[in-house]
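Below is a briefing on helix packing, strand pairing and salt bridges.

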Amino acid sequence: MIEVADVSLLGPAARQLLGEHKGKRVFALYGAMGAGKTTFIKALCRELGVTDDASSPTFALVNEYHTAQGDKIFHFDLYRIKNLAEALDFGADEYLYSGYYCFIEWPEKIEELLPPGTVRLRIDVNDEKRRIAVI
């Protein structure tokens, strides 16, 4: 469990999560609207050396970012999809098995597609300023 009460601690929390799950590439982030999933994904991207400005892909469904080393990172926001078929239509399974980092908001919409070994992270709102991440 990681508790974050200060936004400045997101970097260390992201570094800890990535360090504890070396070799894992698919991260599913669960939590209510406004829990901080996008904010934490931005911190994960910074830790991985993303040179792009990470933002929520709410309307695009998936954003592709690049690291300084030329690696790709995929950020999904599946809030708007209605069913698994929509995810398959845009090739979600190909992204998930690409070997690149994939960070997924609203993964419950594609639970059946998540590869074995997916890191599942639930972000709970403790109060207005404090979040608790349970892995």
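A salt bridge is a side-chain nitrogen of Lys or Arg within 4 Å of a carboxyl oxygen of Asp or Glu. By this rule the structure has two salt bridges. This is a predicted model, in which local features need pLDDT of at least 70 and side-chain atom pairs count only at pLDDT 80 or more, while totals for chains, interfaces and linings use all residues. Residues are numbered from 1 along each chain as its sequence is written, and side-chain values use heavy atoms, with hydrogens and water left out.

**Salt bridges**

- R15 and E47 form a salt bridge, with the closest N and O atoms 3.0 Å apart.
- R15 belongs to helix 1 and E47 to helix 2, so this pair ties together parts that are 32 residues apart in sequence; helices (H or I, at least four residues) and strands (E, at least two) are DSSP runs numbered from the N terminus.
- R15 is partly exposed at a relative accessible area of 47%, and E47 is partly exposed at 29%; buried means under 20% relative accessible area, exposed over 50%, and partly exposed in between, with a 1.4 Å probe and protein chains only.
- E111 and R120 form a salt bridge at 2.9 Å, N to O.
- E111 is partly exposed at 29% relative accessibility, and R120 is partly exposed at 35%.

**Helix packing**

- Helix 1 (residues 10–20) packs against helix 2 (residues 37–47) at an angle of about 70°, and their axes are 8 Å apart; axes are lines fitted to C-alpha atoms, for helices over the stretch in contact, and angles run from 0 to 180 degrees between N-to-C directions.
- That makes the two helices roughly perpendicular, a term for angles of 65 to 115 degrees.
- The contact (heavy atoms within 4.5 Å) involves L10, G11, A13, A14, R15, L17 and L18 of helix 1 and T39, F40, A43, L44 and E47 of helix 2.
- In helix 2, K37, T38, F40, I41, A43, L44 and C45 are buried.
- Helix 1, strand 2 (26–30) and strand 5 (101–105) are among the elements covering the buried residues of helix 2.
- Just after helix 2, G49 has a positive phi of about 85°.

**Strand 2**

- Five of the five residues of strand 2 are buried, so this strand is largely enclosed by the rest of the structure.
- V26, A28 and Y30 point one way from strand 2, and F27 and L29 the other way.
- Strand 2 runs parallel to strand 5, joined by four bridges; strands pair if DSSP finds at least two bridges between them.
- Four bridges also join strand 2 to strand 6, again in parallel.
- A28 has I104 as its bridge partner in strand 5 and stands opposite R120 in strand 6.

Notes:
Angles under 35 degrees count as roughly parallel, over 145 as roughly antiparallel, 65 to 115 as roughly perpendicular and the rest as oblique.
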